[in-house]
Amino acid sequence: MRAKDILGSRGEELAAQYLTESGLCVIDRNWRCPDGEIDLVAVDGATLVIVEVKTRSSLNFGHPFEAISPAKLARLHHLGAAWVRAHNRYYAHRRIDAVAVLDDGTGSPVLEHLRGIS
């Protein structure tokens with residue numbers, strides 16, 4: 001496994017732990033379909049939450065949230081609808097969240113959670 005993949009997997013695990021500790025229930029991870037992948041799927045009360053996790057080891061190439069483009073947001077909306085259809089599970093609300101993980105490997109990782117990014 002490449003270092004980038006290891007960092008990404010660690011970031012997703014940290015994000016899932018953080019969301020769980022924040023009261024969300026993570027119900028799916030790394031869900032794939034022909035159109036793409038959802039990092040994490042969680043439930044927050046009556047809301048289905050599609051979570052994009054961006055992990056970086058430094059800010060040298062910008063903040064992790066800067067990597068979430070309008071095209072990526074549109075794809076996440078599409079993937080969220082696909083997840084609902086594939087699992088035949090419906091919720092009163094749906095939102096897209098993002099979790100940024102900064103982990104340089106020398107100290108405690110720093111996580112930021114943005115709710116409802118679109």
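The questions below concern a predicted model.

Q: Why is Asn 30 called partly exposed?
A: Its relative accessibility is 32%. Buried means under 20% and exposed means over 50%, with partly exposed in between. Therefore Asn 30 counts as partly exposed.

Q: Where does Asn 30 lie?
A: Asn 30 is in strand 1.

Q: Why is Asn 88 called exposed?
A: The cut-off for exposed is over 50%. Asn 88 has 59% relative accessibility, so it counts as exposed. Its place is the loop between helix 2 (70-87) and strand 4.

Q: What makes the phi of Asn 30 worth a remark?
A: Phi of Asn 30 is positive, near 50°, and the residue is not a glycine. Most residues other than glycine have a negative phi. Asn 88 also has a positive phi, about 50°, and is not a glycine either.

Q: How do you know that the reach of helix 1 is close to the expected one?
A: Helix 1 covers residues 3-21, 19 residues in total. The expected span is 1.5 Å times one less than the number of residues. For helix 1 the expected value is 27 Å, and the reach from first C-alpha to last is 27 Å.

Q: Which residues of helix 1 are buried, and what covers them?
A: The buried ones are Gly 11, Glu 12, Leu 14, Ala 15, Ala 16 and Leu 19. Their cover includes strand 1 (25-33), strand 2 (36-44), strand 3 (47-56), strand 4 (93-102) and strand 5 (110-114).

Notes. Residues are numbered from 1 along each chain as its sequence is written. This is a predicted model: local features need pLDDT of at least 70, side-chain atom pairs count only at pLDDT 80 or more; totals for chains, interfaces and linings use all residues. Side-chain values use heavy atoms; hydrogens and water are left out. Helices (H or I, at least four residues) and strands (E, at least two) are DSSP runs, numbered from the N terminus. Buried means under 20% relative accessible area, exposed over 50%, partly exposed in between (1.4 Å probe, protein chains only). Contact means heavy atoms within 4.5 Å.
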